[in-house]
Amino acid sequence: MNFRRYLTAMLFCLTFAGEAAAQVKTLVFCSEESPDILNPQLSFRQAAFDASSRQVHDRLVAYEPGTAEIVPSLAESWQISEDGLRYEFRLRPNVPFHKLRHFTPSRPLAAEDVVFSFMRQLDPKHPYHEVSGGIYPYFRGLGLPKIIKSVTAEDAGTVIFELKSPYPALLSTLTLDFASILSAEYADAMLAAGTPERVDREPLGTGPFQMIQHQRDALIRYVAHPGYWRGKAPLDNLVFTITPDATVRYQKLRDRECHVVANPDPADLPAMTLDGDVTLVRQVGMDIGYMAFNTRKPPLNDPRVRKALAMAIDREAILKDVYQGLGRPATTMVPQGLWSRGGAPSLPPTDPDGARRLLEKAGISGLELEIWPSPVARPYMPDARRTAEMIRDDWLKIGVESKIVMTSGRDFIKQTMVGRHDVALFGWIAETLDRSLFLSPILGCEAAADGANRSFWCNRNFDRLLEEAARTSNPSERETLYELAQSVLDDELPVLPIARSISFTPMRNEVVNYRGSPLGGHYFYGVDLK
Amino acid sequence: MGGDIPAHPALRPLHRLTVFRFFITRFGMVVPTFFGVTVVAFFLIRLIPGDPIELLVGERGIDPERHAYLLKEFGYDRPLWQQYLGFVGNLLQGDFGTSIVSREPVLSEFLTLFPATIELSFMAIVFALAIGLPVGILAAVRRGSVFDHTVMGISLTGYSMPIFWWGLLLIILFSGILGWTPVSGRISVLYYIEPITGFMLIDSLLIDEPGAFKSAFRHLILPTIVLGTIPLAVIARQTRSAMLEVLGEDYIRTAHAKGLGPARIIGLHALRNALIPVITTIGLQTGVLLAGAILTETIFSWPGVGNWLVNSIYRRDYPSVQGGILLIACIVITVNLLVDLAYGLINPRIRHAGRS
């Protein structure tokens, strides 16, 4: 049967097999850019993840929606060895893969698919390692080649991950897009046909939607996967139309050409709020815009000086002037959503007089500092230069002179990594909902040694608490450990959290059950149309 | 017309030699232009800060060993002059390189997307001619009238119109407020069309789905107007000035004296001669159209080479940018060459230059 007939038959079945010949539901999503590639292992772009891993693929484990708890996905269960070096995953049986026009799978998900998905990224000699450029931004960026020793199949339904050293954040890491499970059988077939790149351009997965058409820079078309293991999606068809201009995306939303649009222009938000046909889904980002004190440089090695400088800053004014409604004040480095008890500690309030007194107490006068703002605008730090100017003005009120040093993006990274700055303004974004994984790369001792921790603050007790918290499986115990770590941070104040970003996803009122992801991105499984 | 006058037999060899020399000169200019473009295309993208490998791996960065390995694999570790020679060497063998982002051959990506750009550009030039020519002629015939002043004022505005702003304005008015036209794209997402020719108007007819052609045509209206506005203004002004020049010629006065009707004088005698500079203008508009397509395609989410080129620049996809610029330049050079040659053939002053 040719693919067109297959597609028509599938659409026919979707339309008429249900109760009383339900209407075909097609949701159109106006995305902002074309995916560079359709394999999440090979990209770092949200557009690639939205188009591939978030619709087409599943991962071994996932987060329970709305919590930071890890729950089964393609892996039904798992066991971790005492020494934390061996993870054994039992796969869910009878999970079917999609069917493509040029390939029909002969079997459901098996351990060899998981082995293929990871060994391709891990093993430089793997036949697929160099296919499509061999760039694995997340796998390499997270340092997994130095952590994972091997991924092997014990039997068709069991996969073993052997680690070189304990890595408590492995489960959280396996929720990420790059850890999507691809089909080994499809890869073998494409390799045999001499077209291995097709695996990365015409994806085949186990996810809720299967891709049936990709017209570069124009659209991507999906149909619901009828055999999806969690049950068929309420939508029958999903279409991504690539619409780079934000104003045009909004017009398409108003004109009913799109149901959901990506990344609106902040200037359009007031009009969208007043538009009776449009709903704005608001999401506070799992990110942080912050200031790092270089604790290697006196007098910034004195916590009292850091606290005094922090107390002088009017963060509310920065929120109002720089973030303009697209930011929320941050009281801790860890995003609020990651605190399950909700009792996150707070920072000292703005108090210039108190700050001046504290500086006097520390015996500091005539202090001169260099502020290095990041030259790259990000939602969590939309205008670091303007933020730096406001901080400079606040510090001047307590007698601290400061100079703003602007650099190129590359210079900023290089120079701050070797500690040229007194204070640096930039930010960080959560990849997973794991707090240790969020904090260690920017506040850990190891990160201080390699420069990624721009405060160069190293507290072994803090590191130990994070490590223990990541290891423990008892939620209450874990929470206590994180609160202890937070109190160490509050006492020492090597960094000053400023704000988190707020993002909006506009959609037409007929869209129901859309849930924004705290980690960003668009997932359409479960979404329906009224 | 001059073409009807037989050349004197004694002058014929000289005439052929002049036309031949004209052709050779024009062809001769193509080669250095082509190499000039290779230099510009190659070095321009490298002036923009940003390492393509770093942009591929994103903010997480890449370890220095892997970075060095990939630079070597893509050939970016070699000195620039060696990279340039390699680029030109491959070009001479018809190899435009492979995209470092999609890993597809640049030529194949270009050819997949180019029909969309041709379709849009063709419609834009048809639109510009369909309106520009009659308006220009009328303005010339009614020189100094309110119509003339109005048309020339509007064409000057059209010529100075920023494409991006003009496109958004039309979308807001015709799609947003009036709801007459779709906002963007090439056809409604309701139609499942696999490219056959790549030209949506043709493909929509071939798939035999009711309403598909109409949808494709409606999607073309606004981008065509936006892209065709500048050529329309240029053509209208050029036609007017060429017509004014011709209308003052003796043979037009003679035609009037012979008692010929105005339609015959303007349509047959004046327009045929006035069209010669207009044809050159149309040829020169190819470059304007392709440059305008970059902005128009971005606004209207039109999946053509303009949009692709912009994305390639953002991603520092050197081979795509080099190859794309070069291919577009080749098209502009070829069209200009053809116009030059056609001009040589239809312009009696050049065709018969050997006799003077």
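This is a predicted model: local features need pLDDT of at least 70, side-chain atom pairs count only at pLDDT 80 or more; totals for chains, interfaces and linings use all residues.

Here is a short briefing on what this model shows.

The complex as a whole gets an ipTM of 0.75 and a pTM of 0.80.

**Confidence in chain B**
- Chain B has a mean pLDDT of 83, with 89% of its residues at 70 or more.
- Within chain B, helix α5 (residues 106-141) has the highest confidence, at 92, while helix α14 (residues 348-351) has the lowest, at a mean of 62.
- Residues 1-11 of chain B stay under 50 in pLDDT, and the model has eleven contacts for them beyond four places in sequence.

**A sheet in chain A**
- Look for an open sheet of four strands in chain A, in the order β4-β5-β7-β6, with antiparallel pairing.
- β4 (75-80) and β6 (148-155) of chain A sit at the edges with a single partner strand each, so one side of each has no neighbour in the sheet.
- Ignoring direction, neighbouring strands of this sheet are turned by 20° against each other on average.
- Six bridges join β6(A) to β7 (residues 158-163) of chain A, in the antiparallel sense.
- A:Asp155 stands opposite A:Thr158, which is in β7(A).
- Helix α3 (residues 111-122) of chain A packs on the sheet and touches β5 (86-91), β6 and β7 of chain A. The direction of α3 makes about 165° with that of β6(A).

**Nonpolar cores**
- The largest nonpolar core has 52 residues, and A:Leu60, A:Phe89, A:Phe118, A:Phe161, A:Leu174 and A:Phe178 have the most contacts inside it.
- Elements of chain A that give two or more residues to this core include β5, β6, β7 and α3. The biggest giver is α3(A), with seven residues.
- Which residues does A:Leu60 contact, leaving aside neighbours within four places in sequence? Among them are A:Pro72, A:Leu74, A:Phe89, A:Val114, A:Phe161 and A:Leu174.
- Apart from this core lies another one, of 38 residues, including A:Leu309, A:Ala355, A:Ile391 and A:Leu425.
- In soluble globular proteins, nonpolar side chains tend to be buried together.

**Where the chains meet**
- Chain A brings 47 residues to the contact and chain B brings 45 residues.
- About 4000 Å² is buried between chain A and chain B, with 48% of that from carbon and sulfur atoms.
- On the chain A side, A:Ile135, A:Arg216 and A:Asp217 lose the most area to chain B, together 16% of what that side buries.

- Most residues other than glycine have a negative phi, and most peptide bonds are trans.
- The peptide bond from A:Pro298 to A:Pro299 is cis, with omega near 0°. You'll find A:Pro299 in the loop between β13 (287-293) and α10 (303-312) of chain A.
- A:Asn513 isn't a glycine, yet it has a positive phi of about 65°. A:Asn513 belongs to the loop between β19 (511-512) and β20 (528-529) of chain A.
- B:Ser301, also not a glycine, has a positive phi of about 50°. Its place is the loop between α11 (262-299) and α12 (305-314) of chain B.
- Is each of these two buried or exposed? A:Asn513 is exposed, because its relative accessible area is 54%, whereas B:Ser301 is buried, at 3%.

Key
Residues are numbered from 1 along each chain as its sequence is written. Chains are lettered from A and ligands numbered from 1 in the order in which they are written. Side-chain values use heavy atoms; hydrogens and water are left out. Two strands pair if DSSP finds at least two bridges between them. Axes are lines fitted to C-alpha atoms, for helices over the stretch in contact, and angles run from 0 to 180 degrees between N-to-C directions. Contact means heavy atoms within 4.5 Å. pLDDT is the predictor's confidence in each residue, from 0 to 100. A nonpolar core is a set of buried Ala, Val, Leu, Ile, Met, Phe, Trp, Tyr and Cys residues joined through side-chain atoms within 4.5 Å. Buried means under 20% relative accessible area, exposed over 50%, partly exposed in between (1.4 Å probe, protein chains only). Buried area is the accessible area (1.4 Å probe) that two parts lose on being put together, summed over both.
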